[in-house]
Amino acid sequence: WISVLVLVFLVSSAVQYCSCERFNIIPTADSPCPGEFTGEPCLTLQQYVANPSLSSNITLELHSGNHCLDSQLSAADINSFTMRANATVTVNCSQHLQSAYYDWFRFNRVQQLHVSGITFNGCRIALHYVTNATFVKNTFVNKTGCCPDGAALYMQYTTSVMIKQCVISNN
């Protein structure tokens with residue numbers, strides 16, 4: 001019996017370690033859900049924030065349109081987090097709710113972070129203890145604030161960051 005219990009424990013640990021989830025992120029709750037036929041969940045960005053995944057590998061596929069973020073999206077102690085646009089996508093972070101130093105996106109102890117094809121309007125992305133981060137074809141606009149801590153992209157104790165074909169303006 002002990003060997004059976006050990007085997008069950010090892011398999012459940014491996015499943016937890018290898019688990020991955022993909023979410024279709026739609027601009028509004030009444031937007032069409034491209035995943036309804038494949039069984040993949042569709043959520044708004046704010047709905048995802050309210051009930052984030054506990055998986056160790058997370059992919060958010062943002063669908064075309066203007067997405068609103070009114071509170072922090074965070075991921076911590078995971079293997080990978082991917083956020084990518086499948087078309088023209090803008091994420092608008094609510095400026096009247098938070099200070100210039102508020103981390104709209106906060107990644108802490110993430111091994112692999114990949115963000116691509118998204119325009120971030122008024123958002124601040126903070127990386128803490130991220131091993132590898134890649135930003136490709138993103139635009140960071142309208143994040144005003146004094147000094148380095150008020151920047152659109154903030155990195156602390158991060159090992160490797162690649163920023164490729166990105167535009168940063170009015171920051």
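**Entry 1**

I looked up Val161 and found it partly exposed, with a relative accessible area of 31%. On the scale I use, buried is under 20% relative accessible area, exposed is over 50%, and partly exposed is in between, with a 1.4 Å probe and protein chains only. The model is predicted, so local features need pLDDT of at least 70 and side-chain atom pairs count only at pLDDT 80 or more, while totals for chains, interfaces and linings use all residues. I number residues from 1 along each chain as its sequence is written, and side-chain values use heavy atoms, with hydrogens and water left out.

Val161 sits in strand E11, residues 160–164. Strands (E, at least two residues) and helices (H or I, at least four) are DSSP runs numbered from the N terminus. With Met155 and Ile163, Val161 forms a nonpolar patch on the surface, and together they have about 220 Å² of accessible area. Patch members have over 30% relative accessible area and no salt bridge; nonpolar side chains (Val, Leu, Ile, Met, Phe, Trp, Tyr) are joined within 5 Å, like charges within 9 Å. Accessible areas come from the Shrake-Rupley method with a 1.4 Å probe, and for residues only the protein chains shown count as cover.

**Entry 2: Salt bridges**

I noted five salt bridges in the structure. The term stands for a side-chain nitrogen of Lys or Arg within 4 Å of a carboxyl oxygen of Asp or Glu.

Glu61 and Arg22 meet in one of them, at 3.6 Å from N to O. Glu61 is in strand E3 (residues 57–62) and Arg22 in strand E1 (residues 20–25), so the pair ties together parts that are 39 residues apart in sequence. Glu61 counts as buried at 9% relative accessibility, whereas Arg22 is partly exposed at 29%.

Which residues form salt bridges with Asp103? I found Arg106, with the closest N and O atoms 2.7 Å apart, and Arg124, where that distance is 2.4 Å. Asp103 and Arg124 are both buried. I also noted that salt bridges with shared partners join Arg22, Glu61 and Arg84 into one network.

**Entry 3: Asn57**

Is Asn57 buried or exposed? Asn57 is buried, with a relative accessible area of 14%, and its place is in strand E3. Its side chain makes a polar contact with the side chain of Ser80 at 2.8 Å. Such a contact is a pair of N or O atoms within 3.5 Å; within protein, one must be able to donate a hydrogen and the other to accept it, and residues adjacent in sequence count only if both atoms are side-chain atoms.

**Entry 4: Cysteines**

I found two disulfides, each a pair of cysteine sulfur atoms within 2.5 Å. Cys33 is joined to Cys42, S to S 2.0 Å, and this link is right-handed, with 85° about the S-S bond.

Cys93 and Cys123 form a disulfide with sulfur atoms 2.1 Å apart. The torsion about their S-S bond is about 95°, so the disulfide is right-handed. Cys93 is in strand E5 and Cys123 in the loop between E6 and E7, so the pair ties together parts that are 30 residues apart in sequence. Both Cys93 and Cys123 are buried.

For Cys68, the closest cysteine sulfur is in Cys93, 9.3 Å away and too far for a bond. Cys68 is partly exposed, at 47% relative accessible area.
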